[in-house]
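Dear colleague,

Please find the structure below, handed over for your review.

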Amino acid sequence: MIFGTTKSKQSDKFNLKELSATATSHRSAGLTIWQQSGLAMLTGLLLAFSCPGFDQWWLAWFMLAPFLVLLTKCRSNSQSLSCGLFFGLGYHLLALRFYAGTHFHINGQAQYGHGYDFWSGQLSLLIWFVQATLLSLPTVAFAWLVNALPLRPGYIPYFQRPFFPYLVSVPLLWIFLHRGLAIASPLAALWQLAPLPPIAIDALPYSQYSQLAIIQSAKFIGSFGVEFLLLLVNAAIASFLMELVKVQDRPVERVDLISPRLGAIMDLAIALGLVGFLSFYGAGEIMHQTFAAGDVTLTGSIGKDYLNSEANQPKIPVGILSGDIFETTPASCAHTLASTAGSCEIIVLPESRQAISFSQSSNVLDLLKKTVRQNRNSVVLSYSFWKEENAARQDFVCMPAGNFYAQRTLLYEKGYSFLHINLLPAPLKEWFFLTDENGLSPLTMAKINWGKIAILGGNEITNPHMVANQVRHGASLIVCESNIDWTTDKSLSKQLLAAAILRAVENNRYVILCAGNAVLAIIEPSGLIRSLYLASSHSNRPDYIEKSGMISSTVQFLWSKTPFTKMWWL
């Protein structure tokens with residue numbers, strides 16, 4: 001029940017006028033369940049255009065409001081559940097369309113543009129639909145609760161029914177159901193029963209990745225803060241419509257003494273004022289970080305006291321190579337590494353596109369050792385290989401002395417029975433099943449001369465709690481090695497880039513994103529992109545520096561922690 005009444009209407013026990021056939025014929029039957037479901041799906045489809053890839057970010061600020069208004073017309077639980085399901089399917093099917101572009105053969109080996117297998121195409125569609133359905137379940141629960149709970153207009157709760165303020169309850173319900181269930185223990189264990197783990201790479205906050213002033217609030221309570229703002233504005237618009245356009249028949253009385261119409265206007269003004277204030281604060285933070293950064297180079301003598309200031313940390317040249325080093329000849333690989341090593345202190349190599357043999361990896365690793373010893377730099381490398389008939393992933397950091405530091409070796413087999421793991425190629429196994437104890441325990445980090453490096457793989461950059469956990473345990477630089485060459489749809493590139501930008505802001509860390517031939521990026525703690533290669537990109541933004549083959553820039557190893565990073569319980 002939305003906006004329930006506090007005072008019952010006094011009427012006669014037997015009112016023949018209300019019971020007459022004439023009065024009944026004038027009553028509105030309302031929308032049917034299929035009409036409501038169709039409108040809900042249409043709203044979800046329109047909202048999906050705000051996701052990275054479409055980049056219509058402004059839609060996220062008001063396209064949830066029609067869905068909230070539609071829930072007020074639901075007269076039964078079945079109607080609200082249906083609206084929630086079709087809204088979620090409309091949103092996630094369009095936002096996750098890159099799953100439909102998955103290309104591989106059913107024998108488990110990726111085929112990058114070489115032929116097509118009928119059954120693998122059906123499996124791609126199955127993965128797409130399963131992911132959209134799983135991610136729609138929180139929306140179903142949200143629609144049911146919003147329709148069932150006694151909600152009151154405004155921001156102020158009340159001790160009499162209806163108890164809960166609409167403008168606060170709606171955002172909190174959304175965030176708890178869409179984010180809390182994914183991380184809360186033991187609730188997170190429920191997802192182990194799913195055929196595939198749901199990956200919320202299309203979460204609503206990622207739509208604002210280009211609005212750097214807005215996302216600076218993520219430093220305090222993470223991407224939840226951005227999501228709360230979006231839901232708050234949408235709820236205020238929905239409340240405004242319900243009060244002024246008379247969508248709801250009998251709005252409940254407000255706790256304050258303001259008239260319903262004036263109260264709806266003030267509620268919306270407060271929400272927009274909060275957004276304006278946080279935007280002003282975010283713009284100031286970006287300017288402060290831009291002008292406070294030092295210009296220390298790696299040459300010359302640097303005093304110890306000077307380095308005590310985080311802004312004065314030396315800027316270390318970093319180079320990211322595109323392509324697959326495991327697919328090149330040894331001579332070509334050595335030439336590429338030697339030409340890059342002369343100008344970069346740290347070299348990040350993309351992950352192998354396919355699982356390779358142990359002997360093949362040994363040859364490349366021996367070549368890396370030789371190159372690193374000659375040039376005295378560090379190389380970050382990840383690759384997939386076959387181990388005991390299961391796909392596995394190995395992360396390496398090659399030190400200037402030529403010795404290797406293995407961060408971790410993980411098997412992808414997780415015991416899922418519905419979708420057999422061996423049907424998937426190695427990149428998809430990593431994307432779905434690469435995890436370390438639900439992503440909540442600290443991983444071993446590589447330590448080089450400048451500090452600790454946390455290497456993430458698969459979809460781990462989309463998990464804010466895993467990344468914050470790395471930073472709490474000393475990570476000064478975040479490197480994301482993710483192979484997304486298994487899809488022909490380039491929308492995944494921007495969605496992964498959006499997640500990396502939010503993680504950089506949340507944790508005040510430089511983030512290096514290396515996703516095969518799809519996207520390479522070096523991101524500042526403010527979310528600004530220092531250097532970017534984005535395949536099939538047509539962006540005209542000035543901070544996008546597009547090249548082919550390699551990008552380079554500088555990073556700093558930082559140690560300060562944001563309020564979000566410190567709040568482990570979030």
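**Nonpolar cores**

The largest nonpolar core has 95 residues, and the members that touch the most other members are Tyr99, Phe142, Tyr166, Trp431 and Ile484. Please bear in mind throughout that this is a predicted model. Leaving aside residues up to four places away in sequence, isoleucine 484 touches Trp431, Leu492, Ser493, Leu496, Ala515, Ala518 and Val519. There is also a second, separate core, made up of 24 residues, with Val380, Val397, Ile453 and Val479 among them.

**The chain as a whole**

The chain has 570 residues, of which 55% are buried. Its secondary structure comprises 18 helices and 14 strands. Among contacts with a separation of 6 or more, 71% are between residues 24 or more positions apart.

**Packing of α3 and α5**

Helix α3 covers residues 33–48 and helix α5 covers residues 77–95; the two pack at an angle of about 30°, and their axes are 7 Å apart. Because angles under 35 degrees count as roughly parallel, α3 and α5 are described as roughly parallel to each other. Their crossing is right-handed. On the α3 side, the residues that meet α5 include Ile33, Trp34, Ala40, Met41, Leu45 and Leu47. On the α5 side, the residues that meet α3 include Cys83, Phe86, Phe87, Leu89, Tyr91 and Leu94.

**Aromatic residues**

Ten aromatic pairs were found in a search of the whole structure. One of them joins phenylalanine 49 and phenylalanine 54, whose ring centres are 4.6 Å apart and whose planes are 55° apart, in a tilted arrangement. Phenylalanine 49 is partly exposed, at a relative accessible area of 30%, and phenylalanine 54 is also partly exposed, at 23%. One aromatic cluster is formed by Phe67, Phe87, Phe142 and Trp174.

**Backbone with positive phi**

Most residues other than glycine have a negative phi. Aspartate 55 is not a glycine, yet has a positive phi of about 65°. Aspartate 55 sits in the loop between α3 and α4 and is partly exposed, with a relative accessibility of 25%. Asparagine 508, likewise not a glycine, has a positive phi of about 55°. Asparagine 508 belongs to the loop that runs between α17 (491–507) and β11 (511–515). At a relative accessible area of 13%, asparagine 508 is buried.

**Two further helix positions**

Methionine 466 is part of helix α16, which spans residues 464–472. Methionine 466 counts as buried because its relative accessible area is 3%, where the cut-off for buried is under 20%. Its C-alpha atom is separated by 9.2 Å from that of leucine 456, ten residues apart along the chain.

Alanine 338 is located in helix α13, residues 330–341. With a relative accessibility of 39%, alanine 338 is partly exposed. Alanine 338 and leucine 368 are 30 residues apart in sequence, and the distance between their C-alpha atoms is 10.0 Å.

Yours sincerely

Key. Residues are numbered from 1 along each chain as its sequence is written. This is a predicted model: local features need pLDDT of at least 70, side-chain atom pairs count only at pLDDT 80 or more; totals for chains, interfaces and linings use all residues. Side-chain values use heavy atoms; hydrogens and water are left out. Rings of Phe, Tyr and Trp (its six-membered ring) pair if their centres lie within 6.5 Å; planes under 30 degrees apart count as stacked, over 60 as edge-to-face and the rest as tilted. Buried means under 20% relative accessible area, exposed over 50%, partly exposed in between (1.4 Å probe, protein chains only). A nonpolar core is a set of buried Ala, Val, Leu, Ile, Met, Phe, Trp, Tyr and Cys residues joined through side-chain atoms within 4.5 Å. Contact means heavy atoms within 4.5 Å. Helices (H or I, at least four residues) and strands (E, at least two) are DSSP runs, numbered from the N terminus. Axes are lines fitted to C-alpha atoms, for helices over the stretch in contact, and angles run from 0 to 180 degrees between N-to-C directions. Angles under 35 degrees count as roughly parallel, over 145 as roughly antiparallel, 65 to 115 as roughly perpendicular and the rest as oblique. A crossing is left-handed if the near helix is turned anticlockwise from the far one by less than a right angle, and right-handed if clockwise.
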